[in-house]
Amino acid sequence: MRNCDDIRGRLTLYLDNELQGDERATVEAHLSECESCAAVFTRELNFLNTIRESGPLHVASPELRSRVEQILRIEPAHAPRSRFTWLVAVAAGLLVLLLPVLVWRLVRHNEPAPVTQACPFALMAVDTHLRHMRGQLPLETESANPREISDWFVNKVNFSVKLPNYQESSGQEKLYTLEGARLVFYEKQYAAYVAYRMKERPISLVITSDSTAKPSGGEEISSKGLKFHYNAIDGLKVITWSDRGLTYALVSDLEERGQQSCIVCHEGTKDQDFIEPLKPH
Amino acid sequence: MDGLFNNLGFGLEALEHLDALFGYAMALTRDLTEAEDLVQETYLRATSASHHPDGDSNLKGWLFVIMRNAWLNQVRHRNNGPRFVEFETGEQAVDETQDNPHVIYLRKLEREQVREAIESLPDAYREIVVLRDIEGFTYQEIATVLDCPAGTVMSRLGRARGKLRKLLSGWQTRAHIRAV
């Protein structure tokens with residue numbers, strides 16, 4: 001067993017995910033055996049989580065976002081900087097106005113419906129999913145019990161989170177596991193993040209109030225009176241929708257549109273016709 | 001046509017890092033107007049670049065490198081150096097009509113304390129805390145952004161956190177909040 005000084009000297013590297021393989025295993029083995037070092041580790045972890053959860057420190061204003069969107073759309077690659085930059089900008093602006101029409105006309109026959117950009121909430125859900133996968137957003141509570149997770153959110157978010165437990169009520173084989181939850185910051189308030197796993201593949205559910213986020217963009221699919229928005233972002237499948245005052249984003253890397261991920265709430269056979277429209281036709 | 005789609009794809013991916021870049025710009029400039037200008041300058045430089053990196057993590061790091069170089073360039077051409085102004089948290093009031101306003105108050109207070117502590121750090125320390133603990137970059141990615149050895153990142157980060165720890169002597173309130 002490595003001595004405590006050696007291990008404590010590596011704790012920061014361990015907490016920052018900078019140790020791999022044997023080095024990581026050595027620290028973990030020591031922490032499991034040494035109460036003193038484990039206490040130091042917990043203290044450091046709490047301290048770092050406190051710092052990390054204070055973010056984001058700033059959020060870009062809608063005006064800045066609009067200006068950046070304009071830059072990303074109108075600024076052509078290799079644009080020369082000159083006193084005539086404004087002329088280039090005007091020309092590029094006209095080009096941008098016309099190009100989508102041209103592109104649309106060219107590709108229209110291959111696309112059944114126009115697909116627009118994902119809404120910010122969907123993008124945040126994907127980012128949250130990826131950061132959690134990278135270990136940058138550890139769960140704040142771990143439990144496979146939906147009621148415990150639902151209770152954990154009480155007084156932490158300004159809406160009610162009630163996770164269903166279809167597996168328990170249906171008595172079916174366990175197709176997925178609930179792992180835990182944490183808070184995430186969105187639009188200057190807390191949203192609920194819930195982590196599931198199905199066949200070793202992670203599924204993320206992010207919930208906020210529908211006054212905070214409105215689903216939009218992507219491919220629209222209607223089912224059972226609800227309107228779902230589907231996007232493929234960075235190889236992940238994102239489904240966003242609003243229902244009874246809440247807005248949800250479900251992220252997975254499952255097949256097709258990731259509609260399998262819906263079983264975390266809709267596992268019963270009666271829900272199959274609910275999920276069916278989400279499958280690609 | 002492929003180039004067009006690639007540019008549109010790049011734009012959408014680059015836009016995902018807007019908030020992160022704005023946060024970093026605020027850490028560098030401490031001024032809302034300058035930070036917004038710096039963000040726009042960064043995106044202008046990025047769209048004008050002859051080569052865009054592949055992969056999301058590369059793109060984010062690449063944009064941060066562009067931003068830092070743009071900022072250093074501005075500072076070099078300025079006689080009076082960067083200005084320092086009071087930091088605004090920009091946080092909107094949350095719904096405090098919920099069941100347990102005491103918990104909400106403590107949590108908000110804690111976040112504000114941490115943010116104020118980060119903002120009060122010396123420039124180099126604040127920058128490295130933002131890169132590592134807010135944006136989640138690895139040591140090597142930070143070394144690339146700051147153009148320094150990874151060993152320097154480690155030592156500077158250690159000192160920055162040590163300073164933060166002193167500033168946040170009351171941060172244990174967190175344990176109290178969670179216990180409520």
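In the predicted model, the axes of α2(B) and helix α3 (residues 32-48) of chain B come within 8 Å and cross at roughly 125 degrees. Because angles over 145 degrees count as roughly antiparallel and those from 65 to 115 as roughly perpendicular, α2(B) is classed as oblique to α3(B). The crossing of these two helices is right-handed. On the α2(B) side, the contact is made by Leu21(B), Phe22(B), Ala25(B), Met26(B), Leu28(B) and Thr29(B). They meet Glu34(B), Ala35(B), Leu38(B), Val39(B) and Thr42(B) of α3(B). By class, the contact holds 8 nonpolar residues, 2 polar residues and 1 charged residue. Glu34(B), in α3(B), is a charged residue by this scheme. Thr29(B) and Thr42(B) take part from α2(B) and α3(B), respectively.

Helix α2 of chain B, residues 18-29, also packs against helix α6 of chain B, residues 123-134. Here the angle is about 165 degrees, and the axes lie 9 Å apart. An angle over 145 degrees counts as roughly antiparallel, so α2(B) is roughly antiparallel to α6(B). This crossing, too, is right-handed. The α2(B) residues in contact are Gly23(B), Tyr24(B), Ala27(B) and Leu28(B). Their partners in α6(B) are Arg126(B), Glu127(B), Val130(B) and Ile134(B). The contact divides into 5 nonpolar, 1 polar and 2 charged residues. Gly counts as polar in this scheme, and Gly23(B) sits on the α2(B) side. Arg126(B) and Glu127(B) belong to the α6(B) side. Leu28(B) meets α6(B), and Leu28(B) is also listed in the contact with α3(B).

Backbone geometry in chain A was examined next. Most residues other than glycine have a negative phi. Asn17(A) has a positive phi, near 60 degrees. Asn17(A) lies in the loop between α1 (4-15) and α2 (21-33) of chain A. Is Asn17(A) buried, exposed or partly exposed? Its C-beta has 14 others within 10 Å. A residue is buried at 20 or more such neighbours and exposed at 12 or fewer, so Asn17(A) is partly exposed.

Arg244(A) also has a positive phi, near 50 degrees. This residue is found in the loop between β7 (236-243) and β8 (246-252) of chain A. Arg244(A) has 7 C-beta neighbours inside 10 Å. Because 12 or fewer counts as exposed, Arg244(A) is exposed.

Key
Residues numbered from 1 in each chain as written. Chains lettered and ligands numbered in written order. Predicted model: local features only at pLDDT ≥ 70, side-chain atom pairs only at ≥ 80, totals over all residues. Helix = DSSP H or I, 4+ residues; strand = E, 2+ residues; numbered from the N terminus. Axes fitted to C-alpha atoms, helices over the stretch in contact; angles between N-to-C directions. Parallel < 35°, antiparallel > 145°, perpendicular 65-115°, else oblique. Left-handed = near helix turned anticlockwise from the far one by under 90°. Contact = placed C-beta atoms within 7 Å.
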